[in-house]
Structures are given as structure tokens and as C-alpha cells.
Amino acid sequence: MFMPLPISSNQSLSPEPELAQIPVSFLEHAKRPELFDRMVSIRRKIHENPELCYEEFETSKLIRAELDRLGIPYRYPLAETGVVGVVGTGGPPFVAIRADMDALAMQESVEWEHKSKFAGKMHGCGHDGHVAMLLGAASLLQEYRHILQVSFRVWKVPAYERGGEGTVVLVFQPAEEGGAGAKKMIEGGALEHVSAIFGLHLASDHPIGSVASRPGPLLAASGFFEALISGKGGHAAIPQHTIDPILAASNVIVSLQHLVSREAEPLDSQVVTVGKFQGGGAFNVIPDSVTIGGTFRAFSKDSLFQLKERIEEVITRQASVQRCNATVLFNEIAKPFYPATINDKNLHEHFQKVAGDLLGSQNVLEKKPLMGAEDFSFYQEVIPGYYFFLGMKNDSQGQFKPMHSPYFRINEDVLPYGAAFHASLATRYLLENQPKSTSTSDQKTESTSTKGNFRDEL
């Protein structure tokens, strides 16, 4: 039984006070040494062994081993290395909580006992912590899975009349960093039966014990482009005999900046950035060609595809002004465009209630929209979803660098907060979104069908 939670058997009580205690109790349990130390250990093992997108085989193996230890059934593989576990009755409603698993192709510069063991690979975005927190939530949910049955007595409705008390789907996803792993997880059936999904990201710019998010647009849609600008190389001392692709590329880059400053609606945030410029290898030689590449971002599909169209036009036409040829590639197969991350307004209200109960309303912050991108948005195109940032800044532990920095590090004290948030958001969602009663035969059919899809890989 889930004795530590203050769920009363007095049916005359309102359910609201008991619901408000669920997040607090989950956090207390997540802070206990046994679970906290296990989350820290898992996070450090993953940090020492970073794996890039669609290469997360050892990370996936570690996740499956932990789910086996907890007695949680799962499906594997989805999207090559992804894992989907389930906790609960196997019946509706279904709610998902998600963590990404992949690392970045960068060299870690933090010198500590658990530094990355692989040159050029680093967990510089906190996904090692994301996995540890979701596994912590899995432990909480599995240990106290009877909370649903206890809570139904408070709601004065017998569990057998509900058509199943509910199921939490644990989504361990590969390839967030540019590989659109979420899209492949959806194609693999990760959201089957699921009616809502929650995700989080660690944030070094917000203090520990706080969260930040907003309803509506939170993160931008994004795409990548690359262009080959070809001319005619030659000696730098006789440029009249050459067709200079460096000059053409320079004009292209300047013209691309006008797309935002002179063509975009000022209140419609957009970004075009050229971050790659490769051409030439000698001081006195004009090269035959130059390659440039970059990213473009916006908060709507219309704006994103307008930028795409104009980027190609500007590159090809500006290159021709300088007598060069240009080929533009968007390579949407290898690097799919990410949609904007848009938080569901109803789930925002749910999040605010849970976060307020867990941290106090003064620590629930509004996040301004960011031009960063996140493939969690693919889930939100299919079902209502909610994404938020979990603060971990603690000035007494020194400065915490932003994500994608070679000096990025995690304040491990945040791990219990993430585990408690995952477990609380999912549990409260199930309790507040019970389906209408169905016949016993219908319940058994649906539950059996669902459970058949989730089994141990062995």
C-alpha cells in the first residue's frame, strides 16, 4: 500500500487537499538516500559513456536493466535504440513522460572524476540527467502504483467502475540533437493510446527549486541549409582571371540577414544564421568553390517555409550576380525540420497546479519564448503536450554554464525534483482524467490488448 501519502479513507473529504499532497510526498521520497544515490549513480554512468544520436545502445541497455530491476515491462527497440515502458493497470487513460538519451559531438572540458571517457563526445545538454530523473520517476510510480486505487476511494467512485485506473508510459527517446528521434518514436507506436505527454529540460539560468514555462509557443521551429557556391579559382594577384566564390559567398551572407530585418513581420520572431564557411586553404589562392551552411528558425510553419524559399532564392541569385553558380541543399531526410514547441493551454493549467503544490506558486516562473528548437514538438503535433524547464542553478556551487558548452555540468541536487515532477504530473493527470465507466468485458479486452504490446524484450 502507498501508506506514506496522506490519502484519507474518509469519503466525506474533498479530493483537492489529498491531490495537492501527492507532489510533496513524491519529492520527499525522491530525496531519500536510496533513490537519490541511485539516480546519481545512473547519471554518472551515462555521463562517462556518452553516445551520439541513434548510437545509444549502452544507454538503452542500462535503461532496460533498470526497468527489469523495477519489474516494469517495456518495448524495445523503437527508433533503433528507444525504449517505452509502462507502469499502471494497462488500461485508460494513458499519459506519457519523456526523456531524451543522446549526447553531443563535442569535447568535455570539465575535469572531474566522471568525465567522458570518449574523446569528442559529451553529455553537454543534460540528457544523462533527463534519463536518470525519468528512471527515478519510474521507481516512484512502480513502488507506489497503488496510489490510484487508494485515491479512488477519496473520489467516492469504485475503481472497477472506471474502466481501468490508468497507465503511465515511460518514453526513453534517442536522437533529440538533430536526429528527430521523437518522429521515429511516434512512427514506432510510442504514443499508442496516449492522450497527453510531458517533458522537461534542465536549466542553468533558473535557481534550483523553480520551474519555468508558458502556454502556447515556447521554442521555435527550425531547419538547416547548406550551399555550394562555385566559381573559378586562380592566383590572388590576378583576380581578373578568376570568378571569386569567396566574394560571392560574402555577399550572400549579408543578403541573408535582410530576410529578417527587411522582410519579416517585426513581431514575428525569426532567425537566419550562417555558422559554416569553408573555402580555400592558402593566403594567395582564390578557391574554386566555397561551402556555407546555417540554420533558420521561426514560430510558425508558414514563416519557416517562407524563409526556406527565400534562402534558396537569395543564395542562387546573389551568387549569379557575382558570376558564380550555387546549389542549395536542405537535407530534410538526414536533418528533418523541427516544428515549433507549442504548449497546450489546458496542460499549462495542470502544470501550474502541480508545480505550485510542489514548489510554491512563487517558484513557478513564466518563460519567454526562445529561438532554440526541440523535437518534443513532434509529439505535440499528434497529441496535447507540455514542455518546461527545471532550474538547477545554485550560486554556492559556482557558475553553471549554459547547455552545449564544453564546461556544462549538472547540479545533481536537482534529480529528485525532476523525478517528482514526472511522477506527479502523470499521476495527477490520470486521477483527474478518468474515463467514463465501461463494461467489465470491454475493460478486459482493452487491457489485454494494451498489455500485449508492452512486454520484456526477452
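Helix α11 (residues 415–432) lies across β3, β4, β5, β6 and β16, and runs at about 160 degrees to β3. Helix α4 also lies across a set of strands, namely β2 (82–88), β3, β4, β5 and β16 (385–393), and runs at about 150 degrees to β3. Helices here are DSSP runs of H or I with at least four residues, strands are DSSP runs of E with at least two, and both are numbered from the N terminus. The angles run from 0 to 180 degrees between N-to-C directions, and the axes are lines fitted to C-alpha atoms, for helices over the stretch in contact. Contact means heavy atoms within 4.5 Å.

This is a predicted model, in which local features need pLDDT of at least 70 and side-chain atom pairs count only at pLDDT 80 or more, while totals for chains, interfaces and linings use all residues. Residues are numbered from 1 along each chain as its sequence is written, and side-chain values use heavy atoms, with hydrogens and water left out.

## The open sheet and the helix pair

Eight strands form an open sheet of mixed pairing, in the order β1-β2-β4-β3-β5-β16-β6-β15. Its edge strands are β1 (74–78) and β15 (364–366), each of which pairs on one side only, and the twist averages 25 degrees from one strand to the next. Two strands are said to pair if DSSP finds at least two bridges between them. Within this sheet, strand β3 (residues 94–100) and strand β4 (residues 167–173) run parallel and are joined by seven bridges; A96 has V169 as its bridge partner in β4.

Helix α4 (residues 127–143) also packs against helix α2 (residues 33–48), at an angle of about 145 degrees and with the axes 8 Å apart. On the α2 side the contact is made by L35, M39, I42, R43, I46 and H47, and on the α4 side the residues include V131, L135 and L140.

Strand β12 (residues 289–298) is mostly covered, since nine of its 10 residues are buried. Buried means under 20% relative accessible area, exposed means over 50%, and partly exposed lies in between (1.4 Å probe, protein chains only).

| Strand | Bridges to β12 | Direction |
|---|---|---|
| β8 (residues 221–230) | 10 bridges | antiparallel |
| β10 (residues 270–278) | eight bridges | antiparallel |

## Two buried residues with polar contacts

R214 is found in the loop between β6 (211–213) and β7 (216–219), and R214 counts as buried because its relative accessibility is 18%. The side chains of R214 and E366 are joined by a polar contact of 3.2 Å. A polar contact is a pair of N or O atoms within 3.5 Å; within protein, one must be able to donate a hydrogen and the other to accept it, and residues adjacent in sequence count only if both atoms are side-chain atoms. If residues up to four places away in sequence are not counted, R214 touches N343, H348, E366, K367, K368, P369 and Y386. The C-alpha atoms of R214 and F389 are separated by 9.9 Å, although these residues are 175 residues apart along the chain.

H206 has its place in strand β5 (residues 194–207), and H206 counts as buried because its relative accessibility is 12%. A polar contact of 2.9 Å joins the side chains of H206 and K367. Apart from neighbours within four places in sequence, H206 is in contact with A212, L365, K367, G391, M392 and K393.

## Backbone details

Most residues other than glycine have a negative phi, and most peptide bonds are trans. A cis peptide bond joins Y76 and P77, with omega about -5 degrees, and P77 is found in strand β1. The peptide bond from P92 to P93 is also cis, with omega near -5 degrees, and P93 is found in the loop between β2 and β3. Y54, which is not a glycine, has a positive phi of about 65 degrees and lies in the loop between α2 and α3 (57–70).
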